Every structure is written in C-alpha cells, then in structure tokens.
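Me: I've got a model open and I'd like to learn how to read it. Can you walk me through it?

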Amino acid sequence: MFRARILVAVAEQMDSGLSEVGMLDGAASWAGERTTSERLSMRREGSAAGQVAERLGQSPEEQIRAVQRRLVDWYRREARDLPWRRTRDPYRILVSEVMLQQTQVERVIPYYEVFLARFPTVEALASAALAEVIAVWGGLGYNRRAVYLWRAAREIVERWGGRFPGERRLLERLPGVGRYTAGAVACFAFGERVAFWDTNIARVLRRVFLGPEARPGRRELDELAERVLPLDRAYEWNQALMELGARICSARRPRCEICPLCGLCRSVGTEGESRRRGGRFEGSRRYYRGRIVAVLRQHPRGVPLDELGRLVRADYGCQARDWLRGVLEGLARDGLVELAEERGEYVARLPGSEATER
Ligand code: SF4
C-alpha cells in the first residue's frame, strides 16, 4: 500500500522535480557541470568514474541540480540547531566531528559542552595531561578518539603555532584525522569546497543517485560525492546530506513519505537494510577495554594488575592474567594506558597520571 502510494508520488514529483530544474537552468553554480568529452572519458572501462557515470545515466545534470536545490532548501527550513553549527572555529568543529564518529548527536551534545568548558582552546587541550583528557572524555566511549584528539592538538600547537592548517590535504596529516574528518573541518570551518562521506552520507548518495541495488566501492563513492557537489554552498550541501541521513534516510527505516527527495530518488519506497547481527557487547573485548579505562579514571595513581582484574570482572582469577595483560597491552599500544613495574608488581594507570605512592 505504502509502496504503491510512493510510486504514484514518484511519477508526480518527477514532473515537478524536472520543472524545478527548468527554472534553475540559469543557476549553473548548482551543478558540477562536465563537458561531453569529460563524460565520455569517465566511462573508461573499469574506472570508478566510468561506473558512476554509467549508473547516473546519460543526462544526470537535471537530476543532480534538482536534488541539490531541494535538499539545500529543506536543510534551510529544517536543520536542527546544533552547537557546532553555530561556530566556524576549526577546533570546536574538530572536537564535534571526532565525538560524532560512532556516537549519536543527542549523546554527544552534553559531552561536547563539558569538554569545551574544560578545554576551550586547542592550546588548553594540548597542554593538558592525557589522563585528564581521557577522564573528561568520560563515558562517551571509544576512548582512542580522545588520545588522537589530544595528539592532534599538540601537533597543531607545536608544528603550526596553534593555527589550524586551512586545507584538507594538510589537515589529513594530523594524527587520527582521516579523509572524512579533514574534509568536514576544511568545509565547515574554512569554507573549502570539498566532498567527503561517511556511512550516513554514502547511504544517501547511493540511494538517491545509484539506486537500491548499487554496491559502490570507495573510489566510486569518492567520484560520486565529487560529481554531485555543488559549485558553491558546499557547507549547506554537506550538512544537508548528514541531516537527511540522520533524520529521514536512516539505514533501517527510510521515511520516504516525508523525504524532500521523494520524487527524485532512485530508491524511493524500497526497504531499509536489515539489522546487522553484531556480537554481544557485554563481555566483549571492547566492553572490557571500556571498563578498564573507567576503573583507572577513578584511580589516578594506578592499580596493580590483579586488583584491576578483580575490579573489572567478578570471575577474575590467576587463569585470566594472560587475558588481562593482552587487553592492557592493546590499550597501551593505543596510548590509553601506561604499564609500569613498581616494587615488584605491574601497575596500570592512565597516561600522565601520578605515580603510585604506597
Ligand atoms: S528517504 Fe527514501 S526517498 Fe528519501 S533519500 Fe532515502 S530512500 Fe530516497
């Protein structure tokens, strides 16, 4: 029933979408226009660019322009008022982007505010002890992110005198800053016209432009994101893709009936992806990594290994010593924990915490 309603809506809205395109013909800046020879060369067999061009069809400019227009208009009307959308400060945007990796907006907001109240500038973060940074990161999880953020802050202060490099290619060289985060900071703080994607953006681009059966690889997604990036309004376009992916075009339940792209999308009315059967979190290695960091946060002077084992799992015994050492060595490699021998026993603590005085 719903699917039938959607298909009728598609037929109707395709017309309105294309007449909208007609009105936009003069606004060349909305589309990433290419010449015919560029389009032909993009179809080289086997290239990502060729595959994207093939899937987009022979005359995709109208669809691209209409999607750009509709999505940005929707974003202007509907965007949530989020703290990191009220600033162009690259430090604050970097903090938000790192926190938003793996964590939902609603959970991030209180941590973001507490973190910035304690470390309001990149200099404040760079000069803090790593143990304190991890402690303030608190229960946000994936504590490795705090370590990378701290290392990036130190590099910005030591190598760049506290001023952020303003281009993606330079931002990408910071510790723990990948192509996506560098793109987001370059675009949202410095206004660079740059395409980037994470799983949310990739899902929207794939569904809208390639259709439900498409399974593009990384290079194809790079090419597609570049291909549909407006010549201006990159900030709003990238924010709008994120907003749509988070609120309307979710992985499991796309809400096509209220989607601004309903009449322009190649996947309208299709089912969401089924839930991935992940392993149980409780009892997993990641679970215990989080527990260990939480315990060490409460004991800045460090905890001897066996005592730590008993604090993180009720069934701890000498048979679990090797397991505990393995988990701790992984945490130490990621910069989250320091291991030291003191008075004949091993002690674990957060990096930069005070030494044990017993
Ligand atoms: S919600 Fe539906 S119509 Fe909107 S982009 Fe996603 S699949 Fe397409």
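Predicted model: local features only at pLDDT ≥ 70, side-chain atom pairs only at ≥ 80, totals over all residues.

Me: How many residues of the shell around the ligand are nonpolar, polar and charged?
Reply: Eleven are nonpolar, two are charged and one is polar. In total 14 residues surround the ligand, and the closest are Cys249, Pro254, Cys256, Cys259 and Cys265.

Me: Where in the protein is confidence lowest, and where is it highest?
Reply: Check pLDDT, the predictor's confidence in each residue, from 0 to 100. Helix H1 (residues 2-23) has the lowest confidence, with a mean of 39, while helix H7 (residues 122-127) has the highest, at 98. Over residues 1-46 pLDDT stays under 50, and the model has 55 contacts beyond four places in sequence for that stretch. For the protein, the mean pLDDT is 83, with 80% of residues at 70 or more.

Me: What does the secondary structure of the protein come to?
Reply: You'll find 17 helices and three strands. As for burial, 38% of the 358 residues count as buried.

Me: In which sense do strands S2 and S3 pair?
Reply: A general idea for strands: in a regular one, the side chains alternate between the two faces of the sheet. Here, S2 (residues 338-342) and S3 (residues 345-349) pair in the antiparallel sense over five bridges. Glu338 has Arg349 in S3 as its bridge partner. The two strands form a hairpin with two residues between them, and Arg343 in the turn has a positive phi of about 50°.

Methods. Residues numbered from 1 in each chain as written. Helix = DSSP H or I, 4+ residues; strand = E, 2+ residues; numbered from the N terminus. Contact = placed C-beta atoms within 7 Å. Near = placed C-beta within 6 Å. Nonpolar A, V, L, I, M, F, W, Y, C, P; charged D, E, K, R; others polar. Buried ≥ 20, exposed ≤ 12 C-beta atoms within 10 Å, placed from the backbone. Pairing = 2+ DSSP bridges.
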